Amino acid sequence: MCGIFGIYGCKGAARVAARGLYGLQHRGQESAGIASWDGRRLRVAKGMGLVSEVFAGVDLDEMDGTAAIGHVRYSTAGDSDLRNAHPILASTQHGEVALGHNGNLVNGHALRESLERGGAIFNSTTDSEVILHLLARYGCGDPVEALVQSLLPLSGAFSLVVLLQGLLIGARDPWGFRPLVLGEMDGAPVLASESCALDLLGARFIREIEAGEVVIIGEHGVKSVRPFPTEPPAPCIFEYVYFARPDSHLFGGVVFPARVAMGRALR
């Protein structure tokens, strides 16, 4: 039940990501964070509280870069604690990686136990960190393929934004539990949990990321792969009941008319 955001190919990407998170603040109020890529390294700023509180004392212009991801957290797995704030940063054989996750992994606890028995050391209590440990263990030379392989063992809900090797990657679980949309702002591709974040930036809504789809965004543009087996769609009803903003485009429609229709059906 969190909000995620990503943008690629935009000057001052960290500042744009902060604005995008304002549009997703309703999705999580416990913590907020941004990771940016400056062409050489990842920089992360995060803290407990609202977007306005976390970044009040942060000079986002110092987080120079043209790609960034952001996250606002509503904890459903793991304590409400700074160590669990996203984006999560790690250094792996595939380089530095930053990850923001919306969802819950049904098999997260089992995967964590297996990894710990193999000697893994975790820095947080979130199920999201499991993904980074799986990524670190895949030895294939292509970092994007390694990330894709790390997602295949997952069961449950995940919409992700990832910065890896200068690429922005978005992924949605094969059931489509949690939302993720693609937009465009002055030629820069944008990923967000809801289209309302695009509206705040004056960005154009393009489409939803499909269930089971992974998008790789870089200098080549937007590339899409579908590595997961097809599953019956299972979008989360709570997005329509109370969670998403009424003006958001989700699951093939706009939230507000769906709420009106549900109310009419319950009369």
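Me: Which order do the 7 strands of the open sheet follow, and how is their pairing described?

Reply: The order is β3-β2-β4-β1-β10-β9-β11, and the pairing is antiparallel. The model is predicted, so local features need pLDDT of at least 70 and side-chain atom pairs pLDDT 80 or more, while totals for chains, interfaces and linings use all residues. Residues are numbered from 1 along each chain as its sequence is written, and side-chain values use heavy atoms, without hydrogens and water.

Me: What makes β3 and β11 edge strands?

Reply: A strand is a DSSP run of E with at least two residues, numbered from the N terminus. Two strands pair if DSSP finds at least two bridges between them. β3 (42-48) and β11 (204-208) each pair on one side only, and they are therefore the edge strands.

Me: Why are β2 and β4 said to pair?

Reply: Strands β2 (residues 31-37) and β4 (residues 67-73) share 7 bridges in the antiparallel sense. The requirement is at least two bridges, so they pair. Ser 31, for example, has Arg 73 in β4 as its bridge partner.

Me: What does helix α1 touch?

Reply: Helix α1 (residues 13-22) packs on the sheet and touches β1 (3-8), β2, β4 and β9 (181-185). A helix is a DSSP run of H or I with at least four residues, and contact means heavy atoms within 4.5 Å.

Me: Which strands pair with β7?

Reply: β6 (residues 95-102) pairs with β7 in the antiparallel sense over 6 bridges, and Gly 100 stands opposite Val 161. β8 (residues 167-172) is also joined to β7 by 6 bridges and runs antiparallel to it. Leu 164 has Leu 167 in β8 as its bridge partner. β7 and β8 form a hairpin with 2 residues between them, and Gln 165 in the turn has a positive phi of about 55 degrees.

Me: How is the lining of the largest pocket divided by class?

Reply: Ala, Val, Leu, Ile, Met, Phe, Trp, Tyr, Cys and Pro count as nonpolar, Asp, Glu, Lys and Arg as charged, and the others, Gly among them, as polar. The lining has 7 nonpolar, 5 polar and 3 charged residues.

Note on methods
Axes fitted to C-alpha atoms, helices over the stretch in contact; angles between N-to-C directions.
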